[in-house]
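Reader: Could you walk me through how the parts of this chain pack together? I'd like to start with the helices and then move on to the domains.

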Amino acid sequence: MKLLEKLPGENARTYAVRVLMDNIIRLELAPGSSVSENELSVQMNLSRTPVREALIELSKLELVEILPKRGSYITRIDYDLIEESRFMRLTLEAAVLKLVCAKGLAGEYRARLRENVSRYRDSISGENYSLLMELDNEFHRLIFEAGGKLRTYQVVHRQMIHFDRLRALSLQTSLNSKTLNDHENILYAMEKQDGELAELVMTQHLARHQVEKEELCRRYPDYFVFPEQDWQTSRREEQSNGI
């Protein structure tokens, strides 16, 4: 587990929530894995009480499942929760993109977005997934900031926890090059003040998780929650029919 530095004035419970959430999102605590209050307390150098309170808080966000007399577990990735997060983000981010395209992308943000894309391109080969995640977040935050909607981004960002776990998983595969291509095309559309193109590319970008779903589920079957009729069931039926 990766530890973070405590923020000034941060209490033990808040710190524990922040550390655990960061590790869950970045998959340092893998979906489906068990977590121990005692072990987490030792690792974070905290008493058990704030750790227990943090686990309860994260259970309300559906990131942790607490089973009486059985222990606590990191929840698996649920595509239903991801879809709700994606719907909200796409609705708001597409609207902000149209605002940016209508008024034109200010020179300051044009330079910062270009620098972000350049850093992302240079970082792919290094397999620094934490940095790629930070750059991805920064790219989208800059779009909201350029549109004068930074508070809106903060609301969206808080609701993207489940979607972010899938993003982290995607970044750890060869699929991260597609993210770079999407960002380049979104920036191109903003620079050309083409709102329709920007919305189209953003829609494709935020729907990519559906395209990647089968591949990611095949690679990491233990990480996901599957409905009764999922891709695995369909694939087994295909195989039984000799397809």
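**Helix packing and domain contact**

Author: Bearing in mind that this is a predicted model, I would begin with H8 and H11, whose crossing is left-handed. Helix H8 covers residues 161-171, and H8 and H11 pack at an angle of about 65 degrees, with 11 Å between their axes.

Reader: Which residues of H8 and H11 make the contact?

Author: On the H8 side they are Phe163, Leu166, Leu169 and Ser170, and these meet His209, Glu212 and Leu216 of H11. By class, the residues of the contact of H8 with H11 are four nonpolar, two polar and one charged.

Reader: OK, and H4 against H11, at what angle do the axes cross?

Author: The axes of helix H4, residues 79-103, and helix H11, residues 208-219, cross at roughly 155 degrees and come within 13 Å. Because angles over 145 degrees count as roughly antiparallel, H4 is roughly antiparallel to H11.

Reader: Is that crossing of H4 and H11 left-handed or right-handed?

Author: The crossing of H4 and H11 is right-handed. In this contact Tyr79, Ile82, Glu83 and Arg86 of H4 meet His209, Gln210, Lys213 and Cys217 of H11, and the contact of H4 with H11 has three nonpolar, two polar and three charged residues.

Reader: Switching topic, what are the domains?

Author: The domain assignment gives domain 1 as 12-75 and domain 2 as 78-218. Their centres, taken over C-alpha atoms, are separated by 28 Å, and the contact takes 11 residues from domain 1 and 11 residues from domain 2.

How values were computed. Residues numbered from 1 in each chain as written. Predicted model: local features only at pLDDT ≥ 70, side-chain atom pairs only at ≥ 80, totals over all residues. Heavy atoms only, no water. Axes fitted to C-alpha atoms, helices over the stretch in contact; angles between N-to-C directions. Helix = DSSP H or I, 4+ residues; strand = E, 2+ residues; numbered from the N terminus. Parallel < 35°, antiparallel > 145°, perpendicular 65-115°, else oblique. Left-handed = near helix turned anticlockwise from the far one by under 90°. Contact = heavy atoms within 4.5 Å. Nonpolar A, V, L, I, M, F, W, Y, C, P; charged D, E, K, R; others polar. Domains from an automatic or database assignment.
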